[in-house]
Amino acid sequence: MNENSKIPVYYKEDIFDGFAGKNILVTGGGGFLGSYVTKKLIANDAIVTILNRRKYPELEKEGARSVECGLEDFEGVRKACAGMDMVFHIGAKAGYWGKYSDYYNANVKGTENVIKACHANSIYKLIYTSSPSVVSDDCDLLNVNEEIGYAKKYLCYYSQTKAMAERLVLSANDEKSLLTVSLRPHLIWGPGDNQIIPRLIDPVRAKKLKIIGTGLNKIDITYVENAADAHLQAALALEKGSKVCGQAYFI
């Protein structure tokens, strides 16, 4: 199932106390992970606004308010943040190819705008979606944890700009003004995925799947509902004095 409107709602019984009546902005709320976070928040009685470059009528039918705006537009982001209790910043430019300026504007400048908008609107919680690629270079990473530092050399602009953005988010953590946390899910898959699993299945069926190395290489993948649950759990744990404040976590 590749359309968000066809994503089955498996999580109506997943109760997260603490979101009822809260005004919440989800940047990239119409995307794959974003739509799951959005629907879970709505199912837990939150009042959700999603910010994307286009409208998502299927999520508006679910109860979300939709705002059309690019992350590079500070005034648009600031207005979207007005009256919000917290922000899930999921929107980003992904991929491995393209101009550096496009990645920088969406991922770094966009994140700067979200942080500034949170301050301008006295929003106290910011949950950021990062990537394990912020620590990845051309070396194997097996059994590492969050103590590993950022990569010294990045293989693509996506990883480089996501690392820059994550640094901004974590350095913005301040108990007096804004609490932040960063999550690093990897290769998200599940119902509605039209990227990861489909791109594996087709070449397997055609017997054209290329094996890199010995074929025993290991890689983390994250089920979409687990990734979405992690975001909601992080938001609830993000309280003054909590150990999660200003921290990054692999999912």
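Let's start with strand 1, residues 23-27, and strand 4: they run parallel and are joined by four bridges. Within that pairing, valine 26 stands opposite phenylalanine 88 in strand 4. Please keep in mind as we go that this is a predicted model.

Now, what joins strand 1 to strand 2? Five bridges do, and strand 2, residues 47-52, runs parallel to strand 1. Here leucine 25 stands opposite threonine 49 of strand 2.

Let's go back to strand 4 and look at its other partner. Strand 4 also pairs with strand 5, residues 125-129, in the parallel sense and over four bridges. If you want a pair to find on screen, methionine 86 stands opposite lysine 125 in strand 5.

While we are on strand 4, which of its residues point which way? Met86 and Phe88 point one way, Val87 and His89 point the other way, and all of them are buried.

Is threonine 129 buried or exposed? Its relative accessibility is 7%, and the cut-off for buried is under 20%, so threonine 129 counts as buried. Leaving out residues up to four places away in sequence, threonine 129 touches Leu33, His89, Ile90, Lys162, Leu183, Pro185 and His231.

On to the helices. Two packed helices are described by the angle between their axes and the distance between the axes. I have two pairs to show you.

The crossing of helix 1 past helix 7 is right-handed. Which residues make the contact? From helix 1 we have Phe32, Leu33, Tyr36, Val37, Lys40 and Leu41, and from helix 7 we have Val224, Glu225, Ala227, Ala228, Asp229, His231 and Leu232. Sorted by class, that contact has nine nonpolar residues, one polar and three charged. Notice Leu33 and His231 in that list: threonine 129 touches both of them.

The second pair is helix 4, residues 100-120, with helix 5, residues 157-171. They pack at about 15 degrees, with axes 9 Å apart. Angles under 35 degrees count as roughly parallel, so helix 4 is roughly parallel to helix 5. Helix 4 passes helix 5 in a right-handed crossing. On the helix 4 side, the contact includes Tyr100, Tyr103 and Tyr104, and on the helix 5 side, Tyr157 and Tyr158 are among the residues. By class, the contact of helix 4 with helix 5 has eleven nonpolar, four polar and two charged residues.

Alanine 80 sits in helix 3, residues 74-81. Alanine 80 is buried, with a relative accessible area of 4%. Not counting residues up to four places away in sequence, alanine 80 touches Leu25, Leu51 and Val67. Isoleucine 50 is 30 residues from alanine 80 along the chain, and their C-alpha atoms are separated by 8.7 Å.

Leucine 200 belongs to helix 6, residues 196-205. Leucine 200 is partly exposed, at 43% relative accessible area. Its C-alpha atom and that of lysine 210, ten residues apart along the chain, are separated by 9.9 Å.

Most residues other than glycine have a negative phi. Serine 122, in the loop between helix 4 and strand 5, has a positive phi, near 55 degrees. Serine 122 is exposed, with a relative accessible area of 65%. Lysine 207 also has a positive phi near 55 degrees, and lies in the loop between helix 6 and strand 8, residues 222-223. At 77% relative accessibility, lysine 207 counts as exposed.

Note on methods: Residues numbered from 1 in each chain as written. Predicted model: local features only at pLDDT ≥ 70, side-chain atom pairs only at ≥ 80, totals over all residues. Heavy atoms only, no water. Helix = DSSP H or I, 4+ residues; strand = E, 2+ residues; numbered from the N terminus. Buried < 20%, exposed > 50% of the residue type's maximum accessible area, 1.4 Å probe, protein only. Contact = heavy atoms within 4.5 Å. Left-handed = near helix turned anticlockwise from the far one by under 90°. Nonpolar A, V, L, I, M, F, W, Y, C, P; charged D, E, K, R; others polar. Pairing = 2+ DSSP bridges. Axes fitted to C-alpha atoms, helices over the stretch in contact; angles between N-to-C directions. Parallel < 35°, antiparallel > 145°, perpendicular 65-115°, else oblique.
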